[in-house]
Structures are given as C-alpha cells and as structure tokens.
Amino acid sequence: MRILVVEDEEGLAESLRRGLSADGHVVDVAHDGHRGLDLALAGGPYDVVLLDLMLPGPGGHAICTRMRAHGDTTPVLMLTARDGEHDEAEGLDAGADDYLTKPFSFVVLAARIRALARRAGASGRGTLQAGDLVLDPRGRRCRRGDRDIELTARELGVLACLMEQPGRAVAKQDILDEVWDTPQHIDPNIVEVYVSSLRKKIDAPFGRRSILTVHGTGYRMAPDGG
C-alpha cells in the first residue's frame, strides 16, 4: 500500500516510516499541516492517510475536512494524544474513518491500517437496499433517493451490517466483530458514536428514522428505510 503519514513529532514520524516500510508499504511523510494537505490532495493516490490531530498549520480535522470536500474518500486514521468520545465524534464529523490514541502499539496500528484498506477496497457485498436507501459497499457509495451521501469506511461497514439484516436486531458486539479488526480491545459502546453519525447523514436531513435502537441489544434497520 501507499501510505501518507502527517505527524509533527519527527521521531514518531520516522519510526512509523521505518515500521511501515519494513512491512512493505511505500510511505510519504509530512511534518506540518500545510505540507500534509498538499500531499493528501495532490501527492497520491494513497491507500491510507495517517493524520495527527494537532499539527503546525492546518490540524488533522481541517485536513480531513478538506479531503472530503474535494471528494477524496481515502481512508483516514486520526492519531492523537487526546482521548474521549467527544474527540472521536469530532473526528468522525470531519470524515475520519478511525481514531487511535497515543501512545499506541505498532501491531495495533498495522492491524487498523489493514482493516481500513480491506473495508475500502475488498468488500464482497453486493448492493443493499432498504426503501429508498441504497448502499453499494464495493463502490463505497450510498444514496437516499437521488441524493448521494458521503460515508467513511467505518460508517459504511456499520451500515452494511444493519442493512444485511433488515428488521432484525443486531447486537453491538456483533457489529464490532464484523467491522473492527481488534474488537476485543474496544468498548462496544463506541458503536453508538458511529450510529449517531450515520443518523445525522442518512436520516436527519430526510426526516427519516431508519436505524432503530433495540434497548438491551443494539440496533435494527427498518426494512422500508424509515
């Protein structure tokens, strides 16, 4: 894979470059937001982009927002020393696909990168539909009626889990097992963050309620798309 690392801690950036190169990846590195944004928009195409949250110049959120505004759907993994549900939700709103808090193990990072690339390009699912909501996991496209909806790779995975079983309750843990690469290390409640983000994109703008909460279990997709 070709990977872009945007990280201002030069020691960490070099460590990531060496580790990822040793795994057989081609790695470009930027140490500030301006260079990172230039590479992200014009230096690719990349298979995965690693973005530090706090950077000189545009930060990770700003870079990710600009990428999505330009129609770039490259999977983005946000790296940060901060932690908490609010920060992850902010990253999701900017269009990030995953979130990793420093310090992290390189083994976990490598697993997350593989998972992002797999979800982005190797999905074998066919087109899924619930009412006027249509999801094409292979093409990473979602639309409701005639309006396209931009989803991150993680949001796409969660939505596909629900749309594959319309009308049936899907447990949070089952969603974790399907969509996350290392589910045993993740709080199942993180699924709530992604469902909330999906509702803002596929339901709220259209006055719909397609993803329903099943108390004590998880969620289910309304067969008619809400």
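Reply: Happy to! A search of the whole structure, which is a predicted model, finds zero aromatic pairs. A ring does take part in another kind of arrangement, though: the charged end of Arg-144 sits over the ring of Phe-206, 5.6 Å from its centre.

Now to the part itself. Asp-52 belongs to strand S3, which covers residues 48-52. The UniProt record, an unreviewed entry, annotates Asp-52 as "modified residue: 4-aspartylphosphate". Is Asp-52 buried or exposed? Its relative accessible area is 4%, and buried means under 20%, so Asp-52 counts as buried.

Who surrounds it? Leaving aside neighbours within four places in sequence, Asp-52 is in contact with Val-6, Glu-7, Asp-8, Gly-59, Gly-60, Leu-79, Thr-80 and Lys-102.

Let's follow one of those contacts, Thr-80. Thr-80 lies in strand S4, residues 76-80, and is buried too, with a relative accessible area of 1%. Beyond its neighbours within four places in sequence, Thr-80 touches Asp-52, Leu-53, Tyr-99, Leu-100, Thr-101 and Lys-102.

For contrast, have a look at helix H1, residues 10-22. Its buried residues are Ala-13, Leu-16, Gly-19 and Leu-20. Seen down the helix axis, these fall within an arc of 135 degrees, so they line one face of H1. The face turned away from that buried side carries the exposed residues Glu-10, Gly-11 and Ala-22. Just after H1, Gly-24 takes a positive phi of about 100 degrees.

Methods: Residues are numbered from 1 along each chain as its sequence is written. This is a predicted model: local features need pLDDT of at least 70, side-chain atom pairs count only at pLDDT 80 or more; totals for chains, interfaces and linings use all residues. Side-chain values use heavy atoms; hydrogens and water are left out. Rings of Phe, Tyr and Trp (its six-membered ring) pair if their centres lie within 6.5 Å; planes under 30 degrees apart count as stacked, over 60 as edge-to-face and the rest as tilted. A charge sits over a ring if NZ of Lys or CZ of Arg is within 6 Å of the ring centre and within 35 degrees of the ring normal. Helices (H or I, at least four residues) and strands (E, at least two) are DSSP runs, numbered from the N terminus. Buried means under 20% relative accessible area, exposed over 50%, partly exposed in between (1.4 Å probe, protein chains only). Contact means heavy atoms within 4.5 Å. UniProt positions are given in the numbering used here, feature names are shortened, and annotations may be inferred rather than shown by experiment. The expected span of a helix is 1.5 Å times one less than its number of residues. The arc is that of the directions from the helix axis to the C-beta atoms.
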